[in-house]
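User: Please go through the structure shown here and answer some questions about it.

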Amino acid sequence: MGLSVTIRDLELKNPVMTASGTFGYGEEYAEFLDLSRLGAVVVKGLSLMPKEGNPPPRIVETASGMLNAIGLQNIGIERFIHEKVPFLRTYDTKIIVNFFGDSIDEYVAAAERLSSVDGIHGLEMNISCPNKQAGWCIFGTDPRVTSQVVQAVRKATALPLIVKLSPNVTDISVIARAAVDAGADALSVINTLTGMAIDIRTRKPKLANRTGGLSGPAIKPVAMRMVYEVYKAVKVPIIGMGGIMTAEDALEFIIAGATGVAVGTANFIHPTAAVDILDGISAFLTQERIADINTLRGIAHAC
Amino acid sequence: MIEVNKGTDPLLKRAFSLFRKTDEGLQILYRVRGKGTGILRNMKEGTVLDMLGPLGNFYPMPPEDKTPLVIAGGIGIASVFSLVERLADRAIVFYGARTKDDLLMSKEVKDYAKEVIVSTDDGSAGLKGTAADALQTFLSSHSFSPSHFYIYACGPQPLLKSLSQIAKEYRIRAYVSMEEHMACGIGACLGCVVKTYEGYKRVCKEGPVMNAMEIVW
């Protein structure tokens with residue numbers, strides 16, 4: 001059965017990946033599943049310097065979803081390289097490192113450092129974070145700024161470069177085109193949707209950060225529509241994500257146009273979710289006598 | 001972490017303390033507070049639930065020559081019960097609740113404790129006030145060396161905070177079981193952190209039991 005998919009020249013044994021921020025640095029899940037079964041492990045977002053993150057409460061459960069405002073807490077790129085990469089390299093899977101910065105220079109420096117390390121197969125850029133050089137506006141909500149930061153990172157790395165798009169925009173296909181024209185090899189669609197929840201007793205936002213990113217099944221229809229739109233807009237591979245809980249959800253994304261799929265919030269609920277979804281996809285292909293998963297991609301557009 | 005339904009609302013597993021182990025298995029003691037525990041209450045006997053655990057650490061046992069003071073605020077009894085049981089007649093338990101009716105399992109607690117000092121917010125049973133008030137009264141009426149005691153506590157955060165202040169004042173070693181909103185329970189989501197003097201620590205992984213002096217209250 002053909003499960004393997006390709007992102008630029010990076011061949012994944014299957015389309016199932018983990019969504020950044022929901023899978024730690026991989027080792028947290030190693031006791032629950034065999035990381036070598038995954039198409040790729042996408043690790044928690046990293047910055048040049050360690051980041052402490054936001055004060056608690058950092059998460060709130062919502063109807064079929066959750067809001068998080070972790071604040072990009074991470075151990076920093078150097079510690080990741082020395083403490084986590086050696087472990088990840090013992091597995092037969094592709095390691096994709098999600099990273100971010102608060103300035104274009106920081107993105108570039110991070111990309112350069114990560115590209116110098118053996119065992120990292122690809123980079124995923126988080127552009128849903130604030131730009132301190134431009135009044136803290138979000139990089140990924142302006143096509144011009146998206147273009148600038150992606151172009152700069154493109155020059156700094158030869159690794160496959162995936163840009164993770166923010167859904168908090170008017171027209172995601174405009175940002176998608178800007179990222180691809182600037183050199184993105186693939187797009188992750190989507191990051192979390194900005195949301196809020198209020199405690200009626202304290203009359204205050206439930207998250208200490210006030211707002212947070214909504215994930216989980218609640219956002220799946222929005223993510224699906226965005227994958228569909230981005231597929232129409234650009235030619236590069238799309239990694240579809242947003243509320244994938246089951247193999248059926250993952251297949252929907254592939255049919256909408258995704259080459260790969262990333263399992264996110266589901267990892268929190270069932271630590272084996274990613275491999276369970278992979279098994280479900282295999283079973284579906286067998287059942288439907290589909291020889292190669294790549295033939296399913298984007299066929300929703302045929303009608 | 002226990003799954004309370006097969007659907008997606010509520011979405012996340014719920015974190016519970018292991019109340020005690022019996023010949024029949026593990027028991028959970030919970031108070032119905034929200035959506036998840038509401039579903040649990042209405043569940044038919046024999047329903048199979050997905051569970052992940054046990055997770056995290058436990059109260060470190062005190063040396064033989066110490067007297068453990070165990071403080072439970074409300075449903076916090078669920079967390080410290082097995083400690084009291086394991087301490088077999090050594091613990092002095094300060095059990096506080098809102099009212100007399102909120103004092104669950106008090107008979108069982110008495111069976112394993114050396115002494116139980118009950119308090120209720122409304123005075124309907126035992127002393128009037130919180131478990132922290134009861135502890136304060138106890139400590140101020142005894143002459144002792146602070147190194148004679150170990151404090152263990154689980155309960156609402158304001159109670160744990162006042163207990164830590166008391167422990168600090170009397171220089172007694174204190175361990176508190178912390179609570180925070182939790183998604184995964186295995187250290188990945190970084191949702192359940194509490195602020196300590198060494199940075200944020202995860203309740204699910206480095207806790208739930210933490211040294212009270214480490215925490216930035």
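User: What ipTM does the model score, and what average pLDDT does chain B have?
Analyst: The model is predicted, and its pTM is 0.95. In chain B, 100% of the residues score a pLDDT of at least 70. The average pLDDT of chain B is 95, and the ipTM of the model is 0.94.

User: How many helices and strands are there in chain B, and what share of its contacts join residues at least 24 apart?
Analyst: Chain B holds five helices and 11 strands. Taking contacts in chain B between residues at least 6 apart in sequence, the share that joins residues at least 24 apart is 52%.

User: What radius of gyration does chain B have, and how does it stand against a compact globule?
Analyst: The C-alpha atoms of chain B fill a box of roughly 55 × 40 × 35 Å along the principal axes. Of its 217 residues, 43% count as buried. A compact globule with 217 residues would have a radius of gyration near 17 Å, so chain B agrees with that expectation at 17 Å.

User: Which strand of chain B gives the most to the side that touches chain A?
Analyst: The contact involves 21 residues of chain B and 28 residues of chain A. Strand 9 (193-196) and strand 10 (199-202) of chain B each supply at least two residues of the chain B side. With three residues, the one that gives the most is strand 9 of chain B.

User: Which residues stand opposite G65(A) and M66(A)?
Analyst: Strand 6 of chain A runs antiparallel to strand 5 (residues 59-62) of chain A, with four bridges joining them. Strand 6 of chain A also pairs in the antiparallel sense with strand 16 (residues 211-215) of chain A, over three bridges. Opposite G65(A) stands T62(A), and opposite M66(A) stands S215(A).

User: Which residue takes a positive phi in the hairpin of strand 5 and strand 6 of chain A?
Analyst: This hairpin of chain A has two residues between its strands. The phi in question is near 50°, and the residue that takes it is S64(A).

User: Which residues on each side of strand 6 of chain A are buried?
Analyst: In a regular strand, side chains alternate between the two faces of the sheet. Both faces of strand 6 (residues 65-68) of chain A are covered. The buried residues are G65(A) and L67(A) on one side, and M66(A) and N68(A) on the other.

Note on methods
Residues are numbered from 1 along each chain as its sequence is written. Chains are lettered from A and ligands numbered from 1 in the order in which they are written. This is a predicted model: local features need pLDDT of at least 70, side-chain atom pairs count only at pLDDT 80 or more; totals for chains, interfaces and linings use all residues. The radius of gyration is taken over C-alpha atoms; the globule rule is 2.2 Å times the number of residues to the power 0.38. A residue is buried if 20 or more other C-beta atoms lie within 10 Å of its own, exposed if 12 or fewer, and partly exposed in between; C-beta atoms are placed from the backbone. Two residues are in contact if their C-beta atoms, placed from the backbone, lie within 7 Å. Two strands pair if DSSP finds at least two bridges between them. pLDDT is the predictor's confidence in each residue, from 0 to 100.
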